Every structure is written in C-alpha cells, then in structure tokens.
Amino acid sequence: MKAILFDRFGGTDVLHEADIEVPQPGPGQVRVRVKAAGLNALDGKIRSGAMEAAFPTPLPAVPGAELAGVVDALGEGVRDVQVGDEVLGWSDTGSYAQYALATTVAPKPDGLNWQHAVALPVAGETAERVLNLLGVAAGETVLMHGAAGAVGTLAVQLATARGARVIATAGPANQDYLTSLGATATLYGEGLVERVRALAPDGVDAVFDLAGKGALEDSIALRGGTERIVTIADFRAHQLGITSTGGQERSATRLAALAQEAATGKLVTTVTAYPLAQAATAQQISDAGHGRGKLALTLD
C-alpha cells in the first residue's frame, strides 16, 4: 500500500511516499481503508524529534493519529463493527496511509463527509477534556488563547453550548471567523490584558490556552493567580504552576455523539484538505501555525 513515512527525524523534507505492507488487525482491532487522515501539530513535533522523550518513535514511522474511512477487516473479538462500516476514530498505526489499524472507532453518519469527520476525534476529545478540567459552566466567561485552530473551533462552540461566554483571541484574519462561531473575538499580543478587561469588567472565570506563545503570564494577571488555567501548548506551564494536559481519552460513544452533531450542523467544522502526496506541504503549513480550523489529507 502507499503510505507517507519518515525514517529519520528532521524537517518536512524527511517525509516521503513509500510502498509498505498492508497491516493486519490484531485482537480488538479493525483495519480501515483510509479516506481522510487528520493532521495535527503534534505530527510535526514527533517528525522533528522534539517529542522523542515523551513519545519514543521507532523508525521508519507513518504519521497520523486520526482517520475516517471504511472498515475492510476485523481482528479477533471485534463484535460491534462490521466490514463495510463507515467510521471515524483514532489510528493505532499511523493514518497517512491507504490502510490503518484502529481500536476505537465510531460510526460516520451519512450526512458527514470524510474530511469533516476526521476533524473530530483529536480536536473534539481535547476540547471536551479541557472544558471539563476547567469546570466550565453556564453563566461563566472563558478566555481562549489562539482559538481559530481545529481544537479552538470546537472548544468555542462546546463552551457556548454549555451557556458560557467565550472571549477568543486570534490574529486579524480570524476575528470574523471566531465571531461566526459565537465568540467575542479580540487580538492577541501586546495590550491583551487591557482588551480583555474592557470586554469582561467582572473578570474571566477560566482560561484555555491553545496558543502556547507566551500567553500564560497574561492569563495569570487576568485570573489573579494560576487557578482554572489550562494549557495544551505551552511547555513552561509547570514552571508557572499552571495545569498542562495532553494525551487522549478515547471514547467511541462520545465521538459518535460529536459526529451526529456535526452531521446535523449543530457543530461546525472548518477543514482545508490536501491529497496524501502533499503531506509535506500540509505539515509545513501546520508547523507555521496561525491556521484556521483543521488540516486533513485525502485519499482515493
């Protein structure tokens, strides 16, 4: 099968297309013919070697943590999925490939296309996990730094669905985008504390940092301490006494619910897709940051 892989750490130039063996599902796994693969910032960090201490990666490796596609083989003990089912979920073997193995998948509703389906597993789980950690509730005001990306797009909507008000930061090009999602948009950078205080004179109840670009000190100033601040992107968190969270709590049930909301238009996703052969280009864009919504790779 065709796959994108890297056999050394480095820039996007280490990514290349190769023919490798089709993986065989083990107990509890399904094999999926991939229609779309999700692309995340973590993919580039793993490829560069920057995450080797946290995520040791045997080489050669196929990138990609999430997929959407059609089940074409079942491992021993699989009962709730059938060959031919259209699914979305998390890849066990790397999803930048024609076939991938998965243990946790959810049904893909008919009204949801492949590209928008693959925008949900990682971003949806991350957004919900952080909102739960923060204890976001109706009537509260939440500040989200760098909210125009894949996780922020869903986090803004999920927080407002809880009845919270969201003040979301982004660059000039994404102000209208965040407003369209239901947030009160403002620019990041110098003067942020004053801008947020003008928008929320009674203060903010919680802070979700998705940017990882020096916003934690401003967050502490706005909260008057480190309580109810969570980052998924700033490695200085422990130095400042702020909660940092990573990893995935994979739930097929919750993913299925998010997929239904996306299929009916209750939850909006924004996706920019590239063919599998352009994986290096897509990762360059991801590495640069400042993107809007989700990046995905498509396969025939």
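Me: Which residue forms a salt bridge with Arg254?
Reply: This is a predicted model, in which local features need pLDDT of at least 70 and side-chain atom pairs count only at pLDDT 80 or more, while totals for chains, interfaces and linings use all residues. Residues are numbered from 1 along each chain as its sequence is written, and side-chain values use heavy atoms, with hydrogens and water left out. A salt bridge is defined as a side-chain nitrogen of Lys or Arg within 4 Å of a carboxyl oxygen of Asp or Glu. The closest N and O atoms of the pair are 2.6 Å apart, and the partner of Arg254 is Glu128.

Me: How many residues apart are Arg254 and Glu128?
Reply: Helices (H or I, at least four residues) and strands (E, at least two) are DSSP runs, numbered from the N terminus. Arg254 belongs to helix α9 (residues 252–263) and Glu128 to helix α3 (residues 121–134), so that the pair links distant parts of the chain, 126 residues apart.

Me: Is Glu128 buried or exposed?
Reply: Buried means under 20% relative accessible area, exposed means over 50%, and partly exposed lies in between, with a 1.4 Å probe and protein chains only. Arg254, with a relative accessible area of 31%, is partly exposed. Glu128 has a relative accessible area of 14%, and therefore counts as buried.

Me: With which residue does the side chain of Lys294 meet in a salt bridge?
Reply: The N to O distance in this pair is 2.4 Å, and the partner of Lys294 is Glu66. The two residues sit in distant parts of the chain, Lys294 in strand β14 (residues 294–298) and Glu66 in strand β4 (residues 66–74), 228 residues apart. Lys294 counts as buried at 2% relative accessibility, and also buried, with a relative accessible area of 0%, is Glu66.

Me: How many salt bridges are there by this rule?
Reply: Another of these pairs is Arg228 with Glu140, at 2.8 Å from N to O. Glu217, Asp234 and Arg236 are linked in a network of salt bridges. By the rule given above, the count comes to 11.

Me: Which strands are the edge strands of the open sheet of 6 strands?
Reply: Two strands pair if DSSP finds at least two bridges between them. The order in this open sheet is β9-β8-β7-β10-β11-β12, with parallel pairing. Each edge strand pairs on one side only, and these strands are β9 (184–187) and β12 (243–244).

Me: Which helix packs on the sheet, touching β7, β8 and β9?
Reply: Strand β8 (residues 165–170) runs parallel to β9 and is joined to it by 4 bridges, and Thr169 stands opposite Thr186 in β9. Contact here means heavy atoms within 4.5 Å, while axes are lines fitted to C-alpha atoms, for helices over the stretch in contact, and angles run from 0 to 180 degrees between N-to-C directions. The helix makes about 160° with the direction of β9, and it is α6 (residues 192–199).

Me: Which helix gives the largest share of the lining of the largest cavity?
Reply: On a 1 Å grid over the protein atoms alone, a cavity is a set of points where a 1.4 Å probe fits but cannot get out, and lining residues have an atom within 4 Å of a point. The lining includes Ala150, Thr153, Leu154 and Lys294. With 3 residues, the largest share comes from helix α4 (residues 150–161).

Terms used
1 Å grid on protein atoms, 1.4 Å probe; cavity = no way out; pocket = protein on both sides within 12 Å on 5 of 7 lines; lining within 4 Å.
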